[in-house]
Amino acid sequence: MALKYELKQKEVWDGNMAAAHALRQAQVDVVAAYPITPSTPIVQNYSQFLADGYVDGEFVMVESEHSAMSACVGAAAAGGRVATATSSQGYALMVEVLYQASGMRLPIVMTVVNRALASPLNIHGDHSDMYLGRDAGWIHLVANNPQEAYDLTLCAFRIGEDERVRLPVTTNQDGFLVSHTAQVVEPLQDEDAYKFVGEYKAKNPMLDTKNPVTYGAQTEEEWHFEHKANQHKALMESPKVVKEVFDEFEKLTGRKYNLVESYKIEDADVALVLMGSAYETAILAVDKAREEGIKVGLVMPRMFRPFPYNELAEKLKNVKAIAALDRSAPMGTTGALYNETAGALMANGYGDKIITNYIYGLGGRDTTVEHILEVIRETNENAKAGKRVTDLQGFINLRGPKLSFN
Amino acid sequence: MATPKEMLTTWDEVQFGAVLPAFEDPEHKKRSKFHSYNYTVADWRVEKPVFNRELCIDCDFCWVSCPDSCFLVEEVLNKRGKKQAKIVGINYNLCKGCAVCVEVCPTPIKSLLMFPEYMDNEEALKQWPKKD
């Protein structure tokens, strides 16, 4: 029996420590991981908990991230609660197996610390890896600070393991900006956290040797489409469960999470759409811009997949101009968040909005209140003109001559 | 394709996560429709193995090695009165033409060889290599 970890009502944790404690409290059966910066301390802390007797599960050392996710798939198919952590190149190496996990409907939880993808090599935070996993059939939750990283990791188990969902979940936090920034976190006590997460219920466990099952069957043109459609339906309908879990979490902790978060959007003419730690920077920028008389608000999808497109459009229905900020190299088109936002608005009959795209913070480049204020002012020009007078895609805090695309 | 029509279900009824049970009733070992026994990959075959009874020494290597359980066997008593599996043929409804049986066959002139799918087995036996 695992020892109880003495926790104060308030702890000072960085995002990695917060995620590691959430994994510990969920009493994960198997963690298989190949540590990679900046998520290394998640598994490092977790294995320390295990060595110190605070965890009953197994920690599997493997030779690569591909093997890490493969071991996770094996352990989850065997019938255990499974988690891992990764970043960047490790995430990229896992991608093939991410699709296996979701297709086999294994509710693995992966705490991702977002980091840029090489080349050139970079260990700092951007959303390239999260965007890479976009179509892998996982639920992707986004945390903006250590408290959220802790909360959402606990929620991730509940969401993924719900029998209406049974899909793997990632919880994302920005590399270094969240993962290595110590802040006050109010954790649940071990027994309360475990009570919230609940006992793991295995479905079709391979360790039930009396009833052998085949995982990873081949389905060709006569089967594959039906299976993928079925899997997609589970993902599309998961927001209902996410909402339920968030509501229950609020009852327990008083901390409220929504499918789409917003700040001062109700009376806004101008809106920014962005995800991750920059959202908190943008809150400060919004307050400053409002002092200048610009009616601006913020919107953030709490989930990148499934994308809450109707809820997002609902939040944006009264604004005039929108800027979507993407923290990933767009490589040949507008940023993904721009595309999602534009699609969401069109689908809901709000095609008259003026919407522009900004690329920011690649490879951990600093994005300050002043930078976001500049975006707000530019977007306000669009709102005032009633048409787009700025370039379609701009770059924030990029050295050199102005770079933009139309 | 190989899947029988009656097995094709709709998107709302497909097996969860494509996880296929071997048994409908594990207690009584009642095979489910998803049991590999009920599947056939014979339509993958472009060449077929032909079995030559004259040369076979009943080592059963092919029977053990066949990934699709194609080899038809009869239970016989050998010279010493012990039970033995005698290979009597190939179930072409199961064989995918992988040629593993040919590879493992140990007789000096192999008692299993691959021939074109369209050739009659009798014709194939006529073409069998002879001892020098």
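Seven strands of chain A form an open sheet in the order S10-S12-S11-S14-S15-S16-S17, and the pairing is mixed. Two strands count as paired if DSSP finds at least two bridges between them. Helices (H or I, at least four residues) and strands (E, at least two) are DSSP runs, numbered from the N terminus. As background, strands of a sheet pair through backbone hydrogen bonds, either parallel or antiparallel.

Before going on, note that this is a predicted model, where local features need pLDDT of at least 70 and side-chain atom pairs count only at pLDDT 80 or more, while totals for chains, interfaces and linings use all residues. Residues are numbered from 1 along each chain as its sequence is written, chains are lettered from A and ligands numbered from 1 in the order in which they are written, and side-chain values use heavy atoms, with hydrogens and water left out.

Inside it, strand S11 (residues 270-273) and strand S12 (residues 296-301) of chain A are parallel and share four bridges. One residue to look for is A:Leu272, whose bridge partner in S12(A) is A:Leu298. Helix H10 (residues 278-291) of chain A packs on this sheet and touches S10 and S12 of chain A. Contact here means heavy atoms within 4.5 Å. The direction of H10 makes about 165° with that of S12(A). Such angles run from 0 to 180 degrees between N-to-C directions, and axes are lines fitted to C-alpha atoms, for helices over the stretch in contact.

Now the other sheet. Chain A has an open sheet of seven strands in the order S3-S2-S4-S5-S7-S6-S13, again with mixed pairing. Strand S3 (58-61) and S13 of chain A are the edges, each pairing on one side only. From one strand to the next, the twist averages 20°. Strands S2 (residues 30-33) and S4 (residues 82-86) of chain A run parallel and are joined by two bridges. There, A:Val30 stands opposite A:Val82 in S4(A).

Next, a pair of helices. How do the axes of H6 and H9 of chain A cross? Helix H6 (residues 146-161) and helix H9 (residues 238-253) of chain A have axes that come within 10 Å and cross at roughly 130°. H6(A) and H9(A) are therefore oblique to each other; angles under 35 degrees count as roughly parallel, over 145 as roughly antiparallel, 65 to 115 as roughly perpendicular and the rest as oblique. On the H6(A) side, the contact includes A:Leu152 and A:Cys155, and on the H9(A) side it includes A:Val245 and A:Phe249.

Last, some backbone details. A cis peptide bond joins A:Ala118 and A:Ser119, with omega about 5°. A:Ser119 lies in the loop between strand S5 (109-114) and helix H5 (128-132) of chain A. The bond from A:Arg305 to A:Pro306 is cis too, with omega near -10°, and A:Pro306 is in the loop between strand S13 (303-305) and helix H11 (309-316) of chain A.

A:Ser88 is not a glycine, yet has a positive phi of about 45°. A:Ser88 is in helix H4 (residues 88-103) of chain A. Is A:Ser88 buried or exposed? A:Ser88 is buried, at a relative accessible area of 0%. Buried means under 20% relative accessible area, exposed over 50%, and partly exposed in between (1.4 Å probe, protein chains only).
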